Amino acid sequence: MSRSGTSLLAHVLHALGATLPNDLMGAGHGNPLGHFEPKALVALNDRILESLGRRWDDPRPIPARWFRSRQAYRFMRRIIGQIRQSYGDAPILVIKDPRLCRLLPLYLEALDVLDIEPLVILQMRPVAEVVRSLGDRDGMQPGLAEFLWLRSVSEAEVQSRGCRRVWTSMGEIMTDWPDAMRRITDGLALKWPMERHEAIDEIGPLLKPHLCHGVASEPFEATMPRFSTATWAAVEHGLAGDEPAARAAFDAVRAALIDLDKMHGNYLSALAAMRKPLSWRLSTPLRALRRLR
């Protein structure tokens, strides 16, 4: 999920010996030390979302059946080619892009074709901090940012259930990165080219409090407090290492999201039907005048 410290995590993994893409996206507004994302794959992910009428900041659901379509297959083949081009034959590679929360099924299939085992790190951050950070960087409305967080976290969780995975948080990386890396290393059964003590000089300068964008003292008023509270409770189960509890809690969150999506979809269909008749279109100028009164 965007603004959750994934750039910091990618840098730490690289310091331990993981391979970053050869077309690395550099620093920019909101990420002064760099995004650590593959330019070509990010551009491809944007094109995939655009083909679905979506963008990176659009929290609307992506139909599950689309991932089984011919179009999805063609995009998956392009992902395969770009991974080969961006990473070569690296033994441990880092593919980092918040859009993966929405597009993970395509990447899991591509990695399977490439005979690369996907090792997933679910990097979490409280919704209030993510919302503030998206507002500061992109001017995103709090309600939209909150819904994007809910959608991204819940989809990433369910789509990664078949993978070896570890939960961590931005707060853990900032306060005790050696312990966070130990859990990641053990949980994913990794053997790093570099020892943790050898990477201290490179990692230490990154752990600066002012880089924790989105931290603020003012209270956050959630638009969907029950959703957000239930989702973070599910996340905390994952962070505590209780996978069964995390999955059960996320199942409940997703069931509620599915009901919300159905209600919203029915509303849009009814609205479209209402606006279809000629009388509605002809009366548009009159309604506009009424709103000006």
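Helices here are DSSP runs of H or I with at least four residues, numbered from the N terminus. Just after one such run, H1, Gly17 takes a positive phi of about 120°. The model is a predicted one.

Helix H1 spans 6-15. Of its 10 residues, 9 are buried, so H1 is largely enclosed by the rest of the structure. The buried residues are Thr6, Ser7, Leu8, Leu9, Ala10, His11, Val12, Leu13 and Ala15.

H1 also contributes to the largest pocket, supplying at least two residues of its lining. Helix H4, strand S1 and helix H6 each do likewise. This pocket has a volume of about 860 Å³. Its lining consists of 35 residues, and those nearest its centre are Ile95, Leu100, Leu119, Val120 and Ile121. The lining divides by class as follows.

| Class of lining residue | Number in the largest pocket |
|---|---|
| Nonpolar | 29 residues |
| Polar | 3 residues |

The remaining site is a loop residue. Asp97 is placed in the loop between helix H3 (70-87) and H4. Is Asp97 buried or exposed? Its relative accessibility is 7%, and buried means under 20%, so Asp97 counts as buried. The side chain of Asp97 makes a polar contact of 2.6 Å with the side chain of Arg99. Apart from neighbours within four places in sequence, Asp97 is in contact with Glu37, Val42 and Asn45.

Definitions and conventions: Residues are numbered from 1 along each chain as its sequence is written. This is a predicted model: local features need pLDDT of at least 70, side-chain atom pairs count only at pLDDT 80 or more; totals for chains, interfaces and linings use all residues. Side-chain values use heavy atoms; hydrogens and water are left out. On a 1 Å grid over the protein atoms alone, a cavity is a set of points where a 1.4 Å probe fits but cannot get out, and a pocket is an open set with protein on both sides within 12 Å along at least five of seven lines; lining residues have an atom within 4 Å of a point. Grid points are joined across faces, edges and corners, and a volume is the space filled by probe spheres set on the points. Ala, Val, Leu, Ile, Met, Phe, Trp, Tyr, Cys and Pro count as nonpolar, Asp, Glu, Lys and Arg as charged, and the others, Gly among them, as polar. Buried means under 20% relative accessible area, exposed over 50%, partly exposed in between (1.4 Å probe, protein chains only). A polar contact is a pair of N or O atoms within 3.5 Å; within protein, one must be able to donate a hydrogen and the other to accept it, and residues adjacent in sequence count only if both atoms are side-chain atoms. Contact means heavy atoms within 4.5 Å.
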